[in-house]
Amino acid sequence: MSIEDYALELGVDTKTVISKLKELGFKYNNDDDILDDEAIIMLDNELTGEKENNLTEELASKFELEDRAEEAALAYNIELDEEVKVKEKIKKKDSNKQSNDDLSQKKKNIYKNKSKLQSNKEEVESNVVLYKEGMSVSDLATAIGVSASDVVKKLIGMGLMISSSQAISFDDASIVVLEYNKELVKEETTDITNFEEYVINDKEEDLLPRPAVVTIMGHVDHGKTTLLDYIRNSHVAQGEAGGITQAIGAYQVERNGKKITFIDTPGHAAFTEMRARGASVTDIVIIIVAADDGVMPQTREAIDHAKAAGVPIIVAINKIDKPHTNIDKIMSDMSELNLIPEEWGGDTIFVRMSAQTGEGVDELLDNINALSELLNLKANPNRYASGSVIEARLDKNIGPVVTLLIQNGTLRLGDPIVVGTSYGKVRTLKDDTGREIVSAEPSKPVEVTGLEDVPVAGDKFMAFEGEKEARGVAIKRKEHEKSKKFARKALSLDELFDQIKEGRKEINVVLKTDVKGSEEAVKNALLKIHVDGVKINVIRSGVGTITESDVVLANASNAIIIGFNVSPSKSTKETAKGYGVEIRLYNIIYKLVEEIEAAMKGMLDPEYEEVVIGEAEVRQLFHFSKVGNIAGSHVTNGVVKVGCPCRVIRDGIVIATSKIATLQREKDQAHEVKAGYDCGMTIESFPDIKERDIIEAFENREVKRS
């Protein structure tokens, strides 16, 4: 906003704002100058606090609140309840003053004295020169720190006639840099914009111990969320439909002075990819198994993901307070999966517990702390932060709100940050309890605002020293993402099999879900479907209800719209009907996957409807010993065909259902006879036909599913 807008909002003079900005070290002179985030936060801290202090002091001295409240109120025509509010405000301000002042002071210090952290780019030693592919002589001279003419002279002395603008080979450049007592090294091809593959190498002396990141996995309803509820003394599960965790959350707790970060992954079998992502950012996996239920399919999947991540596993046998438990059976089943209990001579920690009563939970936390010590978990808090997105949502008042897990470095208020393909500056920073903080170190889950778009859960993020660098990285990542997308035409679900047989290799889908976690889970489930080399191409996915914009896109791309836990409005449905766009709605992911897969294999059960195609009236009977009764009939409506199913109706009652065996026109056999013509016919397996019977021919026609 501009200085004028800010002053108007706060109710102060623009000169006051400009004066305060200059005190704080900012260079703003005009009312229409646009304030950046840093300036706004600093002004909020300064002017809001001053305004409240001035108001409090003025009212306190004017009304003499402590001794003559009622008299003062009457004298100044102020309502008593308003005065009480002022009193309460003063008391509240006194009680909270210290903590608020501390946070404000920290914010000011962050912005005024922001220290430079280690860059995430690989640092190059002073005697090392990086060689880039296609490097010119002039570029080499700049890298060495000498003039291009000096390098050209060196090359001439080597018998090489190369001008300053020409490219120089790595071998020739190596000889040149040796003349300057330097070493030539080829630049690594790893690009910092590729967060997924970029490796940050920290020096051993920079590394400090960090809390363990723990993921809880297991079968649905085996007690994952209940365990976290007990640890955090909260009730996450109560607000979730069906008792199934539908989104990932991250929480930090403390045990014996040591912090532990928990990531709660969904337990539904269809959320395999979300669970796998949880394992990819974790140090320790807890496989939770219900003592009364035993090892289930999703338990086995969770173990597979934990093993693939190469992280140690702790098995928590939950619900030991329930009757009919068989712990030995569970331990035996786990042993078959190569998770052998320590008490049986193996190396896997098994803990018996009850998330409901809390029995054994402290033992579980102690084992996590002991294991994290053995793992010697470390990170470098002195560099710019990097990590992963745990969850993301769009708040209509403050914009994108993102939960991040910091895996390395320190994230600070005001840091430029790239999350996925989105750029922003950290405008607010909150811990998992909702408390405002100014910085967060490794293994800390935080909630941030300030991004331009809502990223995808599982996206990588990285903080940078400058806005220009961060914005450039975000632009490159967007371009790379755009180049990976390639949409092709697709038809409705029921026609997919025919298209596949014709050589179709890609099916377009527009996907809309209720939350980001569901979006990624459904998207990944769809992308994993492969039928004879055919795959799903999600051309758009997002959070929120299906809109007319989605319908227009689906029409242009000849795509199917899939909605998960959303319902389109009446107008959207009408628009889709007008365009002929198919909308499929689901609330259970495995049913969605099964139906799409079945359609791609051409296995959708066809729907049929009965259609009457013709009627004939029996007017005369002819009997032949070899054939039986032949019904001399007149076709009154439509057409009758040989082999067509038919009903024999007598006095309005259906007395037989069979099919037309033969048809004859005059002396010739006929395949069909139309309305207005006479014919002879026989009915299969029904010789008892009589005059005035009605023969009703019908067909079962396949209709398009809706």
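Predicted model: local features only at pLDDT ≥ 70, side-chain atom pairs only at ≥ 80, totals over all residues.

Analyst: Residues are numbered from 1 along each chain as its sequence is written, and side-chain values use heavy atoms, with hydrogens and water left out.

User: How many helices and strands are there in the chain?

Analyst: The chain holds 19 helices and 31 strands; helices (H or I, at least four residues) and strands (E, at least two) are DSSP runs, numbered from the N terminus. Of its 706 residues, 46% are buried (under 20% relative accessible area, with exposed over 50% and partly exposed in between, for a 1.4 Å probe and protein chains only).

User: How is a pair of packed helices described?

Analyst: One gives the angle between the two axes and the distance between them. Axes are lines fitted to C-alpha atoms, for helices over the stretch in contact, and angles run from 0 to 180 degrees between N-to-C directions. Here, helix α16 (residues 516-527) and helix α19 (residues 589-600) have axes that come within 10 Å and cross at roughly 25°. That angle makes α16 roughly parallel to α19; angles under 35 degrees count as roughly parallel, over 145 as roughly antiparallel, 65 to 115 as roughly perpendicular and the rest as oblique.

User: Which residues of α16 and α19 meet?

Analyst: Ala521, Val522, Ala525 and Leu526 of α16 meet Ile589, Leu592, Val593 and Ile596 of α19, where contact means heavy atoms within 4.5 Å.

User: At what angle do α6 and α7 pack?

Analyst: Helix α6 (residues 137-144) and helix α7 (residues 148-157) pack at about 110°, their axes 8 Å apart. The angle makes α6 roughly perpendicular to α7. Val137, Ser138, Leu140 and Ala141 in α6 meet Ala148, Val151, Val152 and Leu155 in α7.

User: Which residues have the most contacts inside the largest nonpolar core?

Analyst: A nonpolar core is a set of buried Ala, Val, Leu, Ile, Met, Phe, Trp, Tyr and Cys residues joined through side-chain atoms within 4.5 Å. The largest has 25 residues, and those with the most contacts inside it are Val214, Leu227, Phe262, Ile286, Ile314, Leu364 and Ile368. Elements giving two or more residues to this core include β4 (212-218), β6 (258-264) and α13 (361-375). The greatest contribution, 5 residues, is from α13.

User: What does Val214 touch?

Analyst: Leaving aside residues up to four places away in sequence, Val214 touches Ile260, Thr261, Phe262, Ile263, Thr282, Ile284, Ile286 and Ile368.
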